Amino acid sequence: MKAEGPKRYRAEEYIRQKDRRAASPDQPAASGVKHIFLINPAAGRGKSQARLAALCRETAEERRLDYEILATEYPGHGAELVKKAVGQSGGRRVRIYACGGDGTLNEAARGAFGAWNAAVTHYPAGTGNDFIKAFGAQSRAFYRLPALVDGKEIAMDYIQADCGGAVNVLSVGADARVAAGVAKYKKLPLPPGQTPPYLLSAAEHIIRGLGEEYEVEIDGVRRDGAYTLIFLGNGGWYGGGFCPVPQACPRDGLLDVLLVSKVSRLTAARVVTAYKQGRYWEYPQYIAHILAKEVKIRLKGGGQMCVNLDGEIAYSNCLEARLLPGLRFVMADPIQDFANKPEIPGQDNRLEQAKRKGNGLWREIKGRFQQK
């Protein structure tokens with residue numbers, strides 16, 4: 001039997017349905033909004049906590065907000081703080097500002113996802129700040145905290161996995177092992193910049209060797225093989241400069257999955273360069289691009305896999321990841337829908353796959369790419 005393709009949902013309608021269920025006549029939502037500024041002291045190499053706290057306090061007091069400034073103390077603490085704040089809100093809406101890098105945003109979203117009255121946003125203060133690059137020119141607005149406070153909520157997708165969640169990217173294989181190695185290179189006295197630690201870790205793992213045998217199931221279809229890495233993208237950027245899928249949109253209800261086959265060290269340089277620059281279509285013999293909703297991954301011989309979740313590292317023996325709707329995300333005005341447009345639209349598999357399915361997704365995406 002032929003497997004069904006991924007189905008599109010309307011994220012905004014999903015949010016409205018959750019609101020109607022939550023705000024019942026018996027338990028009406030309380031008025032007002034509680035603003036939580038979540039600060040990661042280690043963000044930006046640990047040099048910005050005092051500045052961030054002062055900016056948050058100044059912004060909140062100028063607007064007479066009901067606010068609280070919370071600082072994380074250890075990995076995972078941000079998610080705990082957010083869950084506690086939402087749980088103690090008494091039905092009021094809670095807006096969480098992740099003041100740090102992509103890891104801080106990851107923890108804020110992990111704590112807020114599933115709560116009807118919680119919304120998150122990102123005030124970038126890390127070394128990568130990759131997720132907001134999916135918004136193109138609008139990403140500049142995230143650097144203005146007052147504009148975020150006055151911003152509007154939109155509905156976005158979220159990657160939920162058995163070992164955690166991701167707003168932006170989930171990856172398995174050499175890529176995740178590289179991300180795990182970044183931490184030790186960040187401790188070295190490297191020149192200022194975002195990319196060097198990642199590239200040094202990548203070089204180390206290329207020398208060690210690439211590729212393992214995986215059992216992979218994508219929306220019910222088996223795609224077992226020897227892969228260097230497996231990428232699941234909600235957004236398109238990560239690693240401080242890698243953009244494997246420029247056209248990825250975190251509101252389209254689809255995961256952009258890249259299966260990168262095992263390659264030799266000689267071939268790796270060319271393939272990795274194309275992968276980094278979003279030119280995966282130049283190497284169809286090595287990189288497969290698939291649109292999906294759910295992915296299952298395990299090592300063929302068993303054992304733990306290193307998993308990258310927005311730069312945070314987790315481990316799983318049998319990974320199950322799916323894309324879910326319902327994450328509330330705050331954007332500064334003006335609110336505009338967005339869809340990244342690849343430089344060469346004709347090479348974008350998203351168009352062809354949606355066209356073959358003959359559903360509304362094709363018409364919507366085609367319209368987006370034809371916009372200026």
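Reader: Before that, what kind of model is it?

Author: It is a predicted model, in which local features need pLDDT of at least 70 and side-chain atom pairs count only at pLDDT 80 or more, while totals for chains, interfaces and linings use all residues. Residues are numbered from 1 along each chain as its sequence is written, and side-chain values use heavy atoms, with hydrogens and water left out.

Reader: Which residues touch the most other members of the largest nonpolar core?

Author: They are Ile96, Val120, Phe135 and Phe329, in a core of 45 residues. A nonpolar core here is a set of buried Ala, Val, Leu, Ile, Met, Phe, Trp, Tyr and Cys residues joined through side-chain atoms within 4.5 Å. Buried means under 20% relative accessible area, exposed over 50%, and partly exposed in between, with a 1.4 Å probe and protein chains only.

Reader: And which strand gives the largest share of this core?

Author: Strand 3, residues 93–100, contributes five residues. Strands are DSSP runs of E with at least two residues, helices are runs of H or I with at least four, and both are numbered from the N terminus.

Reader: What is Val120 in contact with?

Author: Leaving aside neighbours within four places in sequence, Val120 contacts Ile96, Ala108, Ala109, Ala112, Leu327, Arg328, Phe329 and Val330. Contact means heavy atoms within 4.5 Å.

Reader: Turning to the cysteines, how many disulfides are there?

Author: The search of the whole structure finds zero, a disulfide being a pair of cysteine sulfur atoms within 2.5 Å.

Reader: Where is Asn129 found?

Author: Asn129 lies in the loop between strand 4 (118–124) and helix 6 (145–149). It is buried, with a relative accessible area of 6%. Its side chain reaches the backbone nitrogen of Gly126 at 3.1 Å. Beyond residues up to four places away in sequence, Asn129 touches Gly100, Gly101, Asp102, His122, Pro124 and Tyr143.

Reader: Lastly, which strand holds Ile313?

Author: Ile313 belongs to strand 15, residues 312–316, and is partly exposed at 32% relative accessibility. Its contacts, apart from neighbours within four places in sequence, are Ala176, Ala179, Ala180, Cys306, Val307 and Asn308.

Conventions. A polar contact is a pair of N or O atoms within 3.5 Å; within protein, one must be able to donate a hydrogen and the other to accept it, and residues adjacent in sequence count only if both atoms are side-chain atoms.
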